[in-house]
Amino acid sequence: MSEDALKVTIDGREITARKGELVIEAAERHGVYIPRFCYHPRMRPVGMCRMCIVEIDTGRGPALQPSCMIECTDGMTVDTASGVTKKAQEGVLEFLLANHPLDCPVCDKGGECPLQDQTMSYGPGESRFVEEKRHFEKPIPVSDLVLLDRERCILCDRCTRFAKEVAGDPLIHFIDRGAETQVNTFPGDPFASYFSGNTVQICPVGALTATPYRFKARPWDLEQVESTCTSCSVGCRVVVQSSRNKVLRYQGADVDPVNWGWLCDKGRFDFEAVNSAERLGQPLVRDEGLLLKPAAWSDALRRAAGAIREGLDRGGPKALAVLGGARLTNESAYAWTKLTKGLLGSDNVDAQMGDGLPPEVVLGLPRATIDDACRPGGTVLLLGPDPKEELPVLFLRLRHAVLNDGVKVVELAPTATGMTPLATVSLRHRPGEQAQLVRALVSRWTGGEVAGVDGDEIRAAAALLESGPITVLLGRHSVAESAAPLMVSATTLHEARPEARFLSGLRRANIHGALELGMAPGLLPGRVLLDVGRDWFTDRWGSVPAETGLDTAGVLRAAADGRIDTLILLGADPLADFPDRYLAERGLAGARTVIAVDQFLTESVRQADVVLPAAGYAEVSGTTTNLEGRVSVLTQKVTPPGTAQPDWVIAADLADRLSLDLGLESVEQIWKEIEAVAPAFAGATHDLLTGPDGRDGVVVPLPERRATDGAPDPWVPVPGRTVISPPSLDAYSLRLVVSRSLYDRGTLVRNSPSLAELGGPATLRLNPADFDRLGVAAGDEVRVTSSRGHITVPVRPDPGVPRGVAALPHNRAGGRASGLIDASAPVTDVRVERP
Amino acid sequence: MSDIPRIVSSRWDLDDGYTLKRYRETGGYEALRTAVTTMTPDEVAEQVKAASLLGRGGAGFPAGVKWGFCPPGVFPRYLVVNGDESEPGTYKDRILMERDPHQLIEGVLIACYAIGASQAFLYVRGEMALAQERIAQALNDAYEAGLIGKRIFGTDFSVDVVLHWGAGAYIVGEETALIESLEGNRGMPRLKPPYFPAAKGLYMQPTVVNNVETLSNLPWIVANGGAAFAALGAERSLGTRLFAVSGHVNNPGVFEVEFGKTTFRDLLYSPEYGNGIRADRKLKAFIPGGASAPWFYEEHLSLPLEAGAVGAAGSMLGSGAIVVMDETTDAVKAAWRVVRFFARESCGKCTPCREGTSWLEKILRRILDGRGRPSDVDKLLDICDNISPQIAWPPKQTTICPLGPSAVSPIASAIMRFRDEFYAYCGGGEVTVPVSGKAYLSTPSAPDAVGASS
Amino acid sequence: MARLTPDNVAIATEIISRYPRPRSALIPLLHLAQEQDGYLTEEAMEHVAELIGITPAEVLGTASFYEMFKREPVGEYVINVCTNISCLLMGGEELLHALERKLGIKAGNTTADGKFTLEDVECIAACTEAPCLQVNYRYFHRVSPSEADVLIDDLRAGRKADEVPRHGVLSRIRQRIPEDRRAGVALPEDGTEPAWLARNEQSADGGGS
Ligand SMILES: Cc1cc2nc3c(=O)[nH]c(=O)nc-3n(C[C@H](O)[C@H](O)[C@H](O)COP(=O)(O)O)c2cc1C
Ligand code: SF4
Ligand code: FES
């Protein structure tokens, strides 16, 4: 027995508890469930509700103590069933019910309510409370998504604790005192937290309800399966609940390595998009009159296959391109890679929309897990994305690590992020000059200012990076500048600190799976370069592309020049997502045939000649890969609308129409093939993924993977690059930063009515000190002009934006920032003036 | 009794006892000078230990022992002065703050020196504007005179004393709630363990919380020695102590008496003190230690004002507040009024206190309104039992702090002794139910467990 | 009405500087806001939140816990009549009722002219001086109903203006810590032992060896 093991007697049975373990936890681990309301294993105990009181004896006689607050000590005796304990617990329950409205028949929580359940198990039969109950105005909205019924509230402090302790958004609070206490917001200041839905999930009664779910179903009508959220690349585990073949709710599932039970509101509520009436349920084909008209699958596939065949005949494989794939399951991604690269011979495949990272950086650097980043004593170097906006639950994990485990954050970002308040050091470098700053940071810099950052600040940050393990979170802070400097930053860090690990901060759902499975130019499935895996995959697929293809920017440029004959959009919406709107428009217009596989008629899909409806989330099974390289299972729960098909089936059908054999028949069989041919996935068998250890997901490559003979190593080298200094800023201009926010005009958000309006229209943010110089005032509509074009948006001050910088959100209603960006320029400079 | 020194109330009769000038003329700040220039911190603490000075805030824990609980080597330490006096019947800290603020400040400085506190916060009840003014003036004068702040008496002893005041919440008198309040939060108590202030107090640092009266004793103890203090009183209750005698006595007032030896009878009937029940009426009951204390009756008059003896008899001296009720008192109404206090003052953290005290209050109100039922009486007791199991003394609790269980005292007291008055309100004549087997006042008690808070 | 005036912001900043953590200044700052406006306006609470770096909801959470903070305008004079046990025994309720009749309002209300707010309060620590009341937290001991009557007339006529400032003003004397006398704030993260203790221990060690 280890030194940390303690002997505790619970209800006469001796058990072993861990040092620091709470009585309520130790009891539960040994099969003794102590009732509770306020205790939540992922939050600090407060011991308020008093439901968990049991008799605890530490040598001075038994005393009633809250088991959620008391740590086990050696020799402790606990009685959870004594008369005194029972009487006290029944008393607490009676007190809780005294003012409770007992409106279970009309309450959303009825059927899954801890208060209701515990009343059945531990409560008194009949109410002795004949006095008048406490009255509050019935449900009041505390935010756009959450309603609060204060009469049902039992003041357990779970939601308020969550808001403060976990989310860091203490916008709901206990107000007033004693029996008058209520949870509420400050007037006119709603609980606008990205994480508000968690409070609904953890409310032990029906006090908090979510507008998107309210009155939709009774818990006993719900069926559920466990799955993985694909709203971003964190890959939180979820429970998908449905009734009558309709998805009605997602709940967070608690897994240690990833989400601890939490979800962000986007992930929780974008199930509305699955049910959207806007979903495509049948194929569309552009007729002679140039209108998209519904068509039968056979006709649509024939049109598509015909276009592909003609295109190949006209321009060879190089004239075919596939953009997108981040929405796909691993299995579908593999199917499309195999179709395009193996069967059709084109390497013009890119799952990223020019807003991501060079794939070598994602796949080629030593990778970190979320747990690595959050390990006590470490330092996280943030180079890029704002995790709060892009990877919300990763933000929660990092926040916890900073506040509780002494993890330090060093941030390099041109504008403040959601992590800035948590960062030990936050360096505001000039946009486009990150690489210079990183070089200084690892080079014992003795000089002065670099990239706009003071030399002393650089030294302070460098000192923090000196000791302890480093995790680098790498991503794009701004799509208004080239990604090339990030590559330099990454390699510089890798060379200076070979032990540093990298976490890739790409946001889109299964972008990591798509890259792992070869959906980028020059790559083959399983972290293999085209040139390295040529023989291995030729043996397996019959052929591979002769040369490295184009990325999205390259494809769009080629298409604009008339060099792309057939362009396939796999859930891609370049008009919305590609940073350079002008190029995207020209590219789509320039391709002879555009085939779109999608769930919605997005702006880009409207340009297509053939539209093939794809099955969506909860409608397909398979696997997905998160930003750690963690593969976890997606479970089908409902059927797709109309005749929409899984993406891999569409690939197989197209192959069929082209008289080719993709050789893929089922999700399971595809996974088997992936495991066998894609080196990074070796050993990650279906059994492993669906077995007991699979719930946490499996990070690939497995450390103990047995390589198949002759298979290439899963290794992608990162090419070095030289630092290019961006041109200097002229006196009249500002340098543009365009960042993503959680609620943008992305497909899922736009098609989820509850979320669609949360982002609001785009506003330009400037340093307060720049207003006078530019002759504009807060709230003004201003004209922002770049070499590419102009937009008109309202402007507001933001001290988180340094002087000389103009910040816009990407892909929001109102002004379209992508209209200002030239994808081939290193940075984007703009002028801001009153129109 | 006139040979008993007035340890804390010596300047009460002076019109200008609160000024620095008069304070220094009457020996003020000499004890501090002695302590910081001639004694080590340990020696000061030793004197306080020798004095066996019990805390005057209510829990009665020996100050010297409490100081020793600060874990060695953990700094900074803080001293928090509890001037939140709000227990019904209690009136003595306010007088000390209004009439002799320098004595308190000197005590605070002596304590800071002894325990090694780097900063002190003097938390005065919000409603006491005059006390705030007197202390603010006293602090300003003492700062100017070099008695507080940097390098006191030219030594390396430096400490700031910050005046802070509350905003109206009885529960903030509870030491952990006081700390929460001082951190800018709602005054909701913390659970002890693990949050004993001496270990994890203000900002989770070692913190000593002491009552105003407790600290006001320190200048005398340092000047005269702990032994001189301990020569007064009896048993565990040594020195002198302030008692506020209010209610139906001829001469209500705050009296400094020899602790441990004076009896309740002395205090209620001696011409020097209470001078008897008004209009020569009969005593019905009296509360011996603030609203939280179970009531005493005629038969307890001979008990000495000694913590152990009072505890053994089933109540407590608490905050030194004696409320006298004569035979005309309506026991139901008196109980209701005290319960209403606890219901209004519950912080709301613990279910049994939040819901239980307001439920009790509603039932009592209904009984007083003539809408009670005889069965309500036992229901009251059973609800009490769910807040304070077995209605035992010292109280057990299903709550975090003793406030909830305190509401049980008046009800259990009134029902045990005056059950028929309840039935009279309820329109039922049957006074047949025996005292439901809960021997409230006869449970043997451990004397020092009364609301133990340190 | 109103954020804090520049003068009050200066006072607030000084108050904040006395504490190891800005949030500790919350209650003092709320008193300052109430002193300025007579009650706590939403704007003032928002301003206080900004000054100490917390959310307005957190400010409200604390403010609403405490009886003295008024979130609606109250009378120029707030009269608190104690009816707790000692005062109850000595006529506290009768005193309250006399004032209700005099002012024509029930406890918990404000007279139409905005002059008086009457409250039925818990023990105010004047138990031996029962029945007692406070006007804007200034004490009046052993008050008979007829004396209360006179008191109201005096207040209304401005004859008590020196003794009783308007509602919101508590201590009329502010603590001042002269810069050159300041010992300094003890930050929790600064773990150094106070000099006088360290010296003591050293000499104790020295003596032993
Ligand atoms: C509900 C409650 C209210 C209290 N109110 C006060 C008070 O107003 N003043 C006080 O000094 N102690 C009060 N106490 C006691 C304090 O918790 C603490 O024991 C005391 O301040 C310690 O100081 P002492 O050891 O010098 O007595 C109260 C305790 C409880 C449980
Ligand atoms: S017993 Fe009452 S006052 Fe004390 S902590 Fe619990 S709820 Fe608050
Ligand atoms: S679960 Fe322990 S007190 Fe609520």
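| Residue | Distance from its side-chain N or O atom to an oxygen atom of ligand 1 |
|---|---|
| Asn211(B) | 2.7 Å |
| Thr214(B) | 2.7 Å |

A polar contact here is a pair of N or O atoms within 3.5 Å. In all, 19 residues surround ligand 1, with Gly57(B) and Lys66(B) among the closest; to be counted, a residue needs a heavy atom within 4 Å.

This is a predicted model, so local features need pLDDT of at least 70 and side-chain atom pairs pLDDT 80 or more, while totals for chains, interfaces and linings use all residues. Residues are numbered from 1 along each chain as written, chains are lettered from A and ligands numbered from 1 in written order, and side-chain values use heavy atoms, leaving out hydrogens and water.

Next, chain A. Asn330(A) sits in helix 9 (residues 330–343); helices are DSSP runs (H or I) of at least four residues. Asn330(A) counts as buried because its relative accessibility is 0%, the cut-off being under 20% with a 1.4 Å probe, protein chains only. Thr625(A) is 295 residues away in sequence, yet the C-alpha atoms of Asn330(A) and Thr625(A) are 7.2 Å apart. The contacts of Asn330(A) beyond four places in sequence include Asn510(A), Trp671(A) and Thr625(A), where contact means heavy atoms within 4.5 Å.

Definitions and conventions:
Helices (H or I, at least four residues) and strands (E, at least two) are DSSP runs, numbered from the N terminus. Buried means under 20% relative accessible area, exposed over 50%, partly exposed in between (1.4 Å probe, protein chains only). A polar contact is a pair of N or O atoms within 3.5 Å; within protein, one must be able to donate a hydrogen and the other to accept it, and residues adjacent in sequence count only if both atoms are side-chain atoms.
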